[in-house]
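Dear colleague,

Please find below the structure for your review. My notes on it follow.

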Amino acid sequence: MTMTAKPASAAPPEAASTSGFLDRVLKVRELAILVVLVLMLLATQLDNHAFLSEQGIKDLLLNATILVLVAVGQATVVITRNVDLSVGSTMGITAFAAGEFLRGGGNPLVGVLIAIALGIGFGVVNGLLVSLGQVPALVVTLGTLYIIRGLDSIWFGSKQITAADLPSGFADFGHNGFGAVPYLALLTAVVLIVAAYYLRSYRSGRDLYALGSSPEAARLAGVPVRKRILTAYIVCGALAGLAGALYLARFGNVDSGTGNGYELTVVSAVVVGGVAFTGGSGSVYGAALGALLLTSINSVLPSIGVSSVWVQAIDGILLLLAIAVDRVVALRVAAVLRKRAAQTRSAIHHA
Amino acid sequence: MPEPTKSPQGKATSGTSGGFAVPAWARDSLRWDTVVGALLVVLLICSFSMVDNFGNALNLSFLIGNTLPIALIALPMTMLVISGEIDLSVGSTAGLSGAVMGKLWNEGMSIETIIPLCVLLGVVCGLVNGLLVTRLGLPSLAVTIGTLAAYRGIAQIVLGSNSVTDFPQQYLDFGSGRIGGTFIPQAAVPWAVLLVIAVIVLHATPVGRSLFAVGASQEAARFAGIRVKRLKLSMFVATGTVSALTGVFWALHYASARYDNATGLELSVIAGVLLGGIDFDGGKGTLGGAVAGVFLLGALQNVMSLVNVSAQSQILITGVLLVISVLAPRVARQVGRARARRKAADAAPPAAALATG
Amino acid sequence: MSYRTAPARRAAAAVAVVAAVAIGATACGGTTKKSTDSDSTKSGSGSSAAASANPSAPIKKGLTIAYLPKQVNNPYFTISDNGGKKAVEALGEKYKEVGTSSGTDTAGQVSYVNTLTQQQASAIAVSAQDPGALCTALNQARKNGVKVVTYDSDTNTNCRDAFVSQASAEDLGRTEVQLMAKQIGNKGQIAILSAAQTATNQNTWIDFMKDELKKPEYKDIQLVKVAYGNDDAQASFQQTQGLLQQYPNLKGIISPTTVGIKAAAQYLSGSKYKGKVQLTGLGTPNDMRAYVTNGTVQSFELWDPAKLGALAGYTAVALASGQITGAPGETFTAGDMGSYTIGKDSTVVLGKPTVFDKSNIDQYHF
């Protein structure tokens, strides 16, 4: 809950600085997820009073942290009208690299930095392939998904990292916190706020939106397209790396299968969060809320006793609903915008 | 990708070169799918001569049998990708069809009833995808990621933890048997029929030409009087139907209907299709290329297993191939264009227009 | 312009035809489960048990024994297969390991069986991802003279020559309940955290657990739920949380899967339930060492996977040398592990599982 409150508290300055119709719509979009989330949690709480206990809230937040981090990175890429499918593989390999370093008695902080650096490395590869090679991101990152996964299994083989290999302080960091707020959630919240601030308040951040809305127009307007796409991929890779390190801290166990298939969950979270595949719209707050919603559903279902058989179908249908509702809203908004544009011919600031 | 404005780089090139020069793209894609076809031939020749046990009938039947599910779905998928859309739910559709088949069989229904019902189910699955994409205007990637999870989830609900293996022997024999003493699996015959139909539809009918037109420029195609939505919808339905058929074949081939049948099949299909030179941005490619791509991957996997390349390295090689397959034609095209531009700069202006066109 | 409407019309026609065929087929009464049940039981496919066993036959040299685990790079199977490698190479045979990198890639496993048939391996030791899916391929292999031994996870009995079982399913199911009962003082609610719903061995163990719980001494123990974590760390985590929230009075969790138990242990050790909710099941000492040391877990059990692999190897060699055919009652020598007898359904049982706790865990390193 503490985390979900953040977007709301961060909203007023946004309204003050860059007010506008589109901003308000985006906020409504995020508010909608928030409302769904709160309703769902409250309903579960009514059914099962242990659900929102201190431990329960802590679990909800911890479950979401890793997905939120990767989703924020993914959102950055999707906003530029690209996609990075290799995040699951990147997360797996960085978790392992950090674990391997810590097993050798390394400093936990350095271990986390190694994971981030490795993530950045893969981000650079993806970014260069997409921006310089001018090839569809989906295909390239599908390729790097395989490549990184293959490297992971060749490099680490059947080795695995177990909780006993890790310094105890590192594992404690993975599940302790201030009361119901785990350290990992705080760290994630900081990353989230920084990313949101960058995207909104820096020119290069806003360029990403411009790029996603209309690459051609952005290029003509002087946006350094390749550099910005590269940046987005680097952010995504770095966050996947950080997520890998946190995965290690949280779960204490890593083998070469870690992160397999995670890309679909991440993409779902981003899309549910209102970041459109067509680029140029959505926010990292939305992506984070989408991630929180998805992981919360996976916690809600078992705690109200729904068989795990239903989880996947519900996830899929929810995703379909989210994009369908989005589309309908977007069509409405577009109609309103067109009317406004007709009224005031001058101000056309595409966000 | 679905949106007409999507894929700036790809469209930009086809806009400048493809506008009044159909032979340009034909030459490009022809070049790539010939390359893939040649690679396949080279691989086969090398394997026949150098890899033990590759060339005998049993192994060839294994190779074809294991590649058939991918090759089946690749047929409609090629057309779908050419029209600028994609379907990631094919593996789940196949799984769902297999699960329903197992469930109904356990309920005591006759298999002759079940199979048409499964095919009908595929039609419905395709309709759901197609309607969401065409009527609501949603991106097919997002829609089919959703149905990928949803169909698989429904399969899980339908069949749960059961695995059904006791299908009638004559059907199982069809799923895994060969024609007489040859290396050709019986199930290859219906595939060949479908291939012929698909080739004719795509390369020799107005429907096929409309598909290319829609993929190249949806706007232009609409203005030219093509009913884009209906065309795309029918392609989604075709894909769903063939996927469901594949699910039936899968269950018979492996003599096992489970909810997780054919998991991840979509990636193999897409990898094969893209390797075969079908442009992800739509509007380009040939069925021959797609089939060559699928069998190249299948043969490569078979050979790598025979020469004891580990599964991990196989994953790596698949990834590298995929990246090369999208990178190589573009790099080649860019080099070609650069050369043309240089030539154009040397020559007189009218000649320049010809060269870049 | 007529072609534009053609696809739709054609689709409609196709649907109509399909429906008509379906209805027609039902009316004529086609092939149903009932009609095939009778002949399918009669025709157990492929097994060529014509050859008779010669217990004193010498062990053939230069055999190739191929291991096909559920998943390569899975630590458990690596230990197991390395045990097999040692045994096989000590006998002077050739060892190899192949397999898929995903534990649910049944098609991949089938194609590996096919490849091994091609390469004319002398015997395959396989841990099956699916009891039925491998049958066609395995029987084809056997027709081509390849002996088939399953280990860890069995196929249908008519598709292999012998099954090397880690411990009898009955022993495992019952002892896990006994361990749990001891930890919670024979009283309270318990739950089971399993792997995938389709995992054959998990389901057999769980059935025996339920049966054991029917005994009068366990009348105060209530099994409230079986949850499935799909052998995925994150899913197992959330299923554990769900169990604890749904049943606040839960006293213990049994997790008969190495992935599930370590995920549950990692969650418990970082939560307020640590030490209050007991956890037992099947785990490897290396995975569980940290949790036993910090008091999250009192005891758990497992067989020695290396010995399982070795026994599979010895069985495969004995089959390929003609010492046994897989018929119940036959006896063979498994190197320094002593003599084993083939039991019902051609099953060889490794022995009782080992229980690990604080006092002995440091003696084991796998």
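What percentage of the 351 residues in chain A do buried residues make up? Buried residues account for 58% of them, where a residue is buried if 20 or more other C-beta atoms, placed from the backbone, lie within 10 Å of its own, exposed if 12 or fewer, and partly exposed in between.

Please note that this is a predicted model, in which local features need pLDDT of at least 70 and side-chain atom pairs count only at pLDDT 80 or more, while totals for chains, interfaces and linings use all residues. Residues are numbered from 1 along each chain as its sequence is written, and chains are lettered from A and ligands numbered from 1 in the order in which they are written.

Chain A

Chain A has 14 helices and 2 strands; these are DSSP runs numbered from the N terminus, helices being H or I of at least four residues and strands E of at least two. The C-alpha trace of chain A spans about 65 × 55 × 35 Å along its principal axes. A compact globule of 351 residues would have a radius of gyration near 20 Å, and the 20 Å of chain A agrees with this. That radius is taken over C-alpha atoms, and the globule rule is 2.2 Å times the number of residues to the power 0.38.

Of the contacts in chain A with a separation of 6 or more, 79% are between residues 24 or more positions apart. Two residues are in contact if their C-beta atoms, placed from the backbone, lie within 7 Å.

Helix α9 of chain A (residues 203–213) has several buried residues, including Leu208(A), Tyr209(A) and Leu211(A). Among the elements that cover the buried residues of α9(A) are α3 (54–79), α8 (183–201), α10 (215–220) and α11 (225–251) of chain A.

Interfaces of chain B

The contact between chains A and B takes 40 residues from chain A and 41 residues from chain B. On the side of chain B that touches chain A, α6(B) gives the most, with 14 residues. By class, this side has 24 nonpolar, 12 polar and 5 charged residues. Ala, Val, Leu, Ile, Met, Phe, Trp, Tyr, Cys and Pro count as nonpolar, Asp, Glu, Lys and Arg as charged, and the others, Gly among them, as polar.

Towards chain C, 44 residues of chain B are in contact with 43 residues of chain C. Here α5(B) supplies the largest share of the chain B side, 8 residues. That side divides into 20 nonpolar, 18 polar and 6 charged residues.

Chain C

Chain C is divided into domain 1 (64–166 + 305–350) and domain 2 (169–302), with bounds from an automatic or database domain assignment. The C-alpha centres of these two domains lie 29 Å apart, and their contact takes 4 residues from each of domain 1 and domain 2.

An open sheet of 4 strands in chain C has the order β7-β6-β8-β9, with parallel pairing; two strands pair if DSSP finds at least two bridges between them. The edge strands are β7 (221–228) and β9 (278–281) of chain C. Strand β6 (188–194) of chain C is joined to β7(C) by 7 bridges, and Ile190(C) has Leu223(C) as its bridge partner in β7(C).

Helix α6 (169–184) of chain C lies across β6, β7, β8 and β9 of chain C, at about 165° to β9(C). Axes are lines fitted to C-alpha atoms, for helices over the stretch in contact, and angles run from 0 to 180 degrees between N-to-C directions.

Yours sincerely
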